[in-house]
Amino acid sequence: MPVLSGEIAVKRVVVHPLVLLSVVDHFNRMKSVGNARRVVGLLLGSTSHSTGVVDISNSFAVPFDEDEKNKSVWFLDHEYLEVMYNMFKKVNGELISFLLQRY
């Protein structure tokens, strides 16, 4: 059973439809400008310690670039990431970020 942040055992992950649509939209927008290899975003949600449920209710795209020589090196716009995360946090203070991940 996966463990989230070393604190709770994750028994179930719920991904809301808005998140799925956002990921697909991000990929399609990047594909239209010729960069369809991968996209990066931040998943936002909450956890229930008592039930072990991770509820991913929102997400946003994160602009990034890769080093051409070493694909494991990414260049992120950290200021954009912080501004977006803080705006989401103001709207819903219970949201926590889970993953900055290629999706």
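Analyst: Among the contacts in the chain between residues at least 6 apart in sequence, 60% join residues at least 24 apart, and this is a predicted model, in which the chain averages a pLDDT of 80 and 81% of the residues score at least 70. Confidence is lowest in strand β1 (residues 3-4), with a mean of 51, and highest in strand β3 (residues 12-15), at 92. Where pLDDT is low, the predicted coordinates should not be read in detail.

The chain has two helices and eight strands, which follow one another in the pattern β-β-β-α-β-β-β-β-α-β, and 27% of its 103 residues count as buried.

The structure holds two aromatic pairs. In one of them, the ring centres of F60 and F88 are 5.2 Å apart and the planes stand at 15°, so the pair is stacked. Because F60 belongs to strand β5 and F88 to helix α2, this pair ties together parts that are 28 residues apart in sequence. F60 is buried, with a relative accessible area of 4%, and F88 also counts as buried, at 18%. The other pair, F64 with W74, is tilted, with 5.5 Å from centre to centre and 50° between the planes; since F64 lies in strand β6 (residues 64-66) and W74 in strand β7 (residues 74-76), the pair ties together parts that are ten residues apart in sequence. Here F64 counts as buried at 18% relative accessibility, whereas W74 is partly exposed at 24%, because the limit for buried is under 20%.

The largest nonpolar core has ten residues, among them F60, F64 and F88, together with V40, L42, L44 and M84. The elements that give two or more residues to this core are β4 (40-48) and α2 (78-91). A second, separate core of five residues includes V19, L43, V54 and I56. In soluble globular proteins, nonpolar side chains tend to be buried together.

With a relative accessible area of 6%, S59 is buried, and a polar contact of 3.4 Å joins the side chains of S59 and S22.

Conventions. Residues are numbered from 1 along each chain as its sequence is written. Side-chain values use heavy atoms; hydrogens and water are left out. Helices (H or I, at least four residues) and strands (E, at least two) are DSSP runs, numbered from the N terminus. Buried means under 20% relative accessible area, exposed over 50%, partly exposed in between (1.4 Å probe, protein chains only). Contact means heavy atoms within 4.5 Å. A polar contact is a pair of N or O atoms within 3.5 Å; within protein, one must be able to donate a hydrogen and the other to accept it, and residues adjacent in sequence count only if both atoms are side-chain atoms. pLDDT is the predictor's confidence in each residue, from 0 to 100. A nonpolar core is a set of buried Ala, Val, Leu, Ile, Met, Phe, Trp, Tyr and Cys residues joined through side-chain atoms within 4.5 Å. Rings of Phe, Tyr and Trp (its six-membered ring) pair if their centres lie within 6.5 Å; planes under 30 degrees apart count as stacked, over 60 as edge-to-face and the rest as tilted.
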